Structures are given as structure tokens and as C-alpha cells.
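Have a look through the model first, then go through the points below in order.

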Amino acid sequence: MTLLNRRIQSFSVKTFVTSFLNKLIRAVFLIGMCYVMLYPVLFILSSGFMTIEDMYNPSVIWLPRSFSTQALDAALSLLKYSDSVIKTMLITLPSSCLQLVTVLLAGYGFARFKFWGRNLFFGLLVFSIIVPVQSYIIPLYVNMKNFDFFWLGSLIGLFTGKPVTVNLLNTEYLFYLQALFGAGIRSGLCIFIVRQFYRNMPLEIEEAAMIDGCGPIRTFIRVMAPNTLPMVATVFLFSIVWYWNDYYLSSVFFSTEFPVSVNLTMLRTMLVTLSQQLSGVSGMVGQELILMREPILACGCLLTIMPLVILYVFVQRYFTEGVERSGIVG
């Protein structure tokens, strides 16, 4: 009996040690990964509100001795933050809404309807995900500069001698047009996510709706769409993030007023140019601007990502559930 008790105690101790080590390794791994992911944000928050003395004081590492908003004020001014944010929202919100409608319809069609060439078209859709926009940016630029309303303007030109075209450059309408016709930023990936989500939903829901007299369109609007709010939130959040962070298309299509992402990429160049100009007038001002370059860039990054962070706080629950049910985990 004593030997049995000793074995039970030994087994319980081994189980406790194994469980403790597993939890410890898991905790260390998660804390390390969180630190790696949060380090850029912590660095931005730390260096963005330092004074010049704190930046070059070796004893100051994370917490500044004196809190300063000088770099934040400079970033707001150089980024033209209010104007650039309004410009970005004028691009992002309508484009994301139009893209959401398009990808929902297209994804539902690929998931539920059987038609000729469905697999071929879906293969082309998957192929469009991996094709970089740089490969077709020139014909896209030419089409947007001389937009002929899908060849209607050229057809009218056959009779009038002059095609009817409109220059869509430097306007937000070119983003709206692409989003409306399923050619927006990462539209192929959004359609893939929607298709995967609808494929995981039971067919009995639609069959019950059809028995009650609903057609395909009414079934989608009244039954399927209300039951897919997590997926809608996921796709909508992805779309907003991609349009908000877009730099390449915005820098190509706009030449006067730029969104916040383009202004952020030009912030370092603006700091160097402005410091050189101010050095000719007042050497002290130009030198201070050069020394404050890192805090200003940190505040610029913070101002750029802050709206997305705030948005994610409100839709985090729907986003997590939508990602899990869409089959794109990992």
C-alpha cells in the first residue's frame, strides 16, 4: 500500500511539473511574440513625445523625462493631417462600401450557384490575387485618363469623329469605379473569403427559404446576409485597411492632393528639404528640425495608424469570428 501511494505521489508530481513547464513555455512564447508585435507601437509612443534633450540623453530609454507635443504639432502640420484624412476617408469609405456589395454578391455566386465555367472563372480569380498591380498599371492609368464609359464613348466617336472621354485622374471616382466592378484593392481575396464563408454554411437554410417562396436574390438579402455579419465585418475591415494604407495607386493617380499614406512616405523628404530651407534663414531652427526628425516620423506613423486601431477596437469580436469561420486561419 505504501509503494502504491509513493507511485501515485510520484506520478502526480511529474504531472504537475509537466503541466507547469508547458504553461511556462507557452507564456514565455506568447509574451515574446506580443513584445515583437507591440515593440514598434511602444517605440512610437516612447520617442514621439520626447524633447531634443531626451532623444540624445543616454539615460533616457523608454520614458521621457519631460512630455512634449512639439513633434506631434510638427507632424500634424507637415502631413496636412486634417486635409489628408478627409481625402483618405473620401477614398476609403465609399470604395469599401461598394467593394463590400460587389464581393458579397460574387462570393455568394461562386459558393452556391452552378454555372458554366465556374471553376475556370474562380481559377482566374485566384490568379488575380497573386498578380501585382505593377504589371497592369500602365493600361489602367491610360484607361482612367481617357475613360470612355466602357467603349460607349469610342462608339459615339465613330459617328461624331471625336470620342467622348473623361479624365478621372486626381479624382476619387476612379477608386469607386474599380470597387463597383470588382477590380478594387484586393477584391479577389475578399471574394475568396466570402466564398469560403458561404461554403461552410448549411444548405438547409436556403432550402427552407426557397420552400417559403423566396427566390435567390430575396434569399440572399433576407436570409443569408443577416446571418453573415461577422464575415461582413471582416471583409469590410480588410477593405478599409487596404484602402487606407494604399500608397502605390494613390501616388500614381493623384498629383496634387494626396491621402495620408502618401504624405507619410514623403514626410522624411519634406523634413530634409524644410530643414535645408530653414538653415539658410536660421541655422538653429533647421538644426532643431533635423534633431527632431525621429520623433516627428514616429508621431506621423502614430497619426496614420490611430484611426485603424480605434476602428479595430469596435469590430474586433466580429473580425475574429469571421476569420475563424472563413477558413483562412493561419
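1. Start with a helix pair: the axes of helix 9 and helix 12 come within 10 Å and cross at roughly 170°. That makes helix 9 roughly antiparallel to helix 12, the label for angles over 145 degrees. Axes here are lines fitted to C-alpha atoms, for helices over the stretch in contact, with angles running from 0 to 180 degrees between N-to-C directions. Helices are DSSP runs of H or I with at least four residues, strands are E runs of at least two, and both are numbered from the N terminus.

2. Who makes that contact? On the helix 9 side you'll find L189, C190, I193, V194, F197 and Y198, and on the helix 12 side M231, V235, F238 and W242. Contact means heavy atoms within 4.5 Å. The residues involved split into ten nonpolar, no polar and no charged; nonpolar covers Ala, Val, Leu, Ile, Met, Phe, Trp, Tyr, Cys and Pro, charged covers Asp, Glu, Lys and Arg, and the others, Gly among them, are polar.

3. A word on where this comes from: it is a predicted model, so local features need pLDDT of at least 70 and side-chain atom pairs count only at pLDDT 80 or more, while totals for chains, interfaces and linings use all residues. Residues are numbered from 1 along each chain as its sequence is written, and side-chain values use heavy atoms, with hydrogens and water left out.

4. Back to helix 9, residues 187–199: its 13 residues reach 18 Å from first C-alpha to last, close to the 18 Å expected at 1.5 Å a residue (1.5 Å times one less than the number of residues). Ten of the 13 residues are buried, so helix 9 is largely enclosed by the rest of the structure. Buried means under 20% relative accessible area, exposed over 50%, and partly exposed in between, using a 1.4 Å probe and protein chains only. Among the buried ones are C190, I193, V194, F197 and Y198.

5. Y198 also turns up in the largest nonpolar core, which has 42 residues; Y198 is listed with L104, M144, F175, V235 and F253 as having the most contacts inside it. Such a core is a set of buried Ala, Val, Leu, Ile, Met, Phe, Trp, Tyr and Cys residues joined through side-chain atoms within 4.5 Å. Helices supplying at least two residues of this core include helix 4 (81–112), helix 9 and helix 12 (229–245). Helix 4 gives the largest share, seven residues.

6. F175 is worth a click: not counting residues up to four places away in sequence, F175 touches I91, S95, Y243, D246, L249, S250, F253 and F254. There's also a second, separate core of 24 residues, which includes L72, Y81, V85 and C299.

7. Now I296, in helix 17 (residues 293–326). I296 is buried, with a relative accessible area of 2%. Leaving aside neighbours within four places in sequence, I296 is in contact with A71, A74, A75, L78, L267, L271 and L289.

8. F150 lies in the loop between helix 6 and helix 7 (152–160), and W151 is found in the loop between helix 6 and helix 7. F150 is partly exposed at 48% relative accessibility, whereas W151 is exposed at 70%.

9. Finally, the overall picture: the chain has 17 helices and zero strands. Of its 330 residues, 36% count as buried.

Key. Angles under 35 degrees count as roughly parallel, over 145 as roughly antiparallel, 65 to 115 as roughly perpendicular and the rest as oblique.
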